[in-house]
Amino acid sequence: MNLPSSWDLPPVIKNRFGQKSLGQQRAMIAHNHLLLVLHKPPEPNERKREVALFWRQPDGTWKQTAIGNGIEPLIRHLKEYNAAAEKFIEDYHQAQEAEDYFRILEAMSPLRLATKNLHATLQAAREGIPGDRDLIDLRDYAYEIERSLDLLYENTKNALDFRIAKRAEEQTKLSLAAVKAGERLNILAGIFFPLTAITSVFGMNLISGLESNSIETFWLVVLIGIVLGVFVLQWSIKGKKN
């Protein structure tokens, strides 16, 4: 975007622009002329900034590249920033996982920076044209949007840190439970490993007196073994339930 050819701005203002772009957000004041170079609210992952120009003439009348008359387009420009901020606030209230909060922080950063520059620009305009009360109201409006985004950023960052800390705590608890279960399994191995080694070497084909018993005795021993196995299993993993 270039300066409108019909705008009769003082040369000292026109000469402050480069040849490639209109540059960053700023307020230019000369001979009671005020030119605001503002950026429209940036979209997430948008690198190029769309510029909007607002020219206040010495008699207090406004001209702009946006559609509308008077100061209303400038007010509408700030309302667009406020609507973008409210959209992020709505996303914050709907966020549940750490990934949701991270996406909000990442997408909100360009808007937060642009809002800070917008507020600084309107503050400079208010200082350069101290008698215009509309500029005071617009400066205050930009400050409210900036503060809202700053609070949202802090709340979102705290929520993200809390989710990360909570997940780390859960992982620590699971690790401790696994360690306790491993200790119990090691105790079992310490008790039965010598017996297993001895029986493997020498065998256990000893006369027990149960060789001539009925099949019911066999299944009773199997059932007792299963019950003992379940008991030992519960004891070995008890640490995971605590």
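This is a predicted model: local features need pLDDT of at least 70, side-chain atom pairs count only at pLDDT 80 or more; totals for chains, interfaces and linings use all residues.
User: Among contacts in the protein chain between residues at least 6 apart in sequence, what share joins residues at least 24 apart?

Analyst: The share is 58%.

User: What makes up the secondary structure of the protein chain, and which pattern does the chain follow along the sequence?

Analyst: The protein chain has six helices and four strands. Read along the sequence, their pattern is α-β-β-β-β-α-α-α-α-α.

User: How do you know that β1 and β2 pair, and in which sense do they do so?

Analyst: Pairing requires at least two bridges between the strands. β1 and strand β2 (residues 33–39) share five bridges, and the sense is antiparallel. Within this pairing, A30 stands opposite H33 in β2.

User: In what order do the four strands form the open sheet?

Analyst: The order is β1-β2-β3-β4, with antiparallel pairing.

User: Why are β1 and β4 called edge strands?

Analyst: β1 (26–30) and β4 (62–64) each pair on one side only. Neighbouring strands of this sheet are turned against each other by 15° on average, direction ignored.

User: Which helices pack on the sheet, and which strands do they touch?

Analyst: Helix α2 (residues 72–94) packs on the sheet and touches β2, β3 (51–56) and β4, its direction making about 25° with that of β2. Helix α3 (residues 98–128) also packs on the sheet, where it touches β1 and β2; the direction of α3 makes about 15° with that of β1.

User: Why is L122 called buried?

Analyst: A residue counts as buried under 20% relative accessible area. L122 has 0% relative accessibility, and therefore counts as buried. This residue lies in helix α3.

User: With which residues is L122 in contact, leaving aside its neighbours within four places in sequence?

Analyst: The contacts of L122 are L36, L78, L138, R139 and A142. As for Y143, its C-alpha atom is separated from that of L122 by 9.4 Å, the two residues being 21 apart along the chain.

User: Why is E146 called buried?

Analyst: The value for E146 is 13% relative accessibility, so E146 counts as buried, the limit being under 20%. E146 has its place in helix α4 (residues 133–202). Leaving aside neighbours within four places in sequence, E146 is in contact with T115, K116 and H119.

User: What makes K116 and E146 a salt bridge?

Analyst: The rule asks for a side-chain nitrogen of Lys or Arg within 4 Å of a carboxyl oxygen of Asp or Glu. The closest N and O atoms of K116 and E146 are 3.4 Å apart, and the pair forms a salt bridge. K116 lies in helix α3 and E146 in helix α4, so the pair ties together parts that are 30 residues apart in sequence. At 29% relative accessibility, K116 counts as partly exposed. K116 and E146 also belong to a network of salt bridges that links R112, K116, E146 and D150.

User: How many salt bridges are counted by this rule?

Analyst: The count comes to nine salt bridges.

User: How do you know that K87 and D91 form a salt bridge?

Analyst: The closest N and O atoms of K87 and D91 are 3.0 Å apart, to be set against the limit of 4 Å. Both residues lie in helix α2, four residues apart, about one turn of the helix.

User: Which parts does the pair of K40 and E50 tie together?

Analyst: The side chains of K40 and E50 meet in a salt bridge of 3.3 Å, N to O. K40 and E50 each lie in the loop between β2 and β3, so the pair ties together parts that are 10 residues apart in sequence. K40 counts as partly exposed at 30% relative accessibility, as does E50 at 45%.

User: What makes up the nonpolar patch on the surface?

Analyst: L220, L223, I224, V227 and L228 form this patch, with about 470 Å² of accessible area together. One of these residues, V227, is found in helix α5 (residues 215–236).

Key: Residues are numbered from 1 along each chain as its sequence is written. Side-chain values use heavy atoms; hydrogens and water are left out. Helices (H or I, at least four residues) and strands (E, at least two) are DSSP runs, numbered from the N terminus. Axes are lines fitted to C-alpha atoms, for helices over the stretch in contact, and angles run from 0 to 180 degrees between N-to-C directions. Contact means heavy atoms within 4.5 Å. Buried means under 20% relative accessible area, exposed over 50%, partly exposed in between (1.4 Å probe, protein chains only). Patches are made of residues with over 30% relative accessible area and no salt bridge: like charges are joined within 9 Å, nonpolar side chains (Val, Leu, Ile, Met, Phe, Trp, Tyr) within 5 Å. Accessible areas come from the Shrake-Rupley method with a 1.4 Å probe; for residues, only the protein chains shown count as cover.
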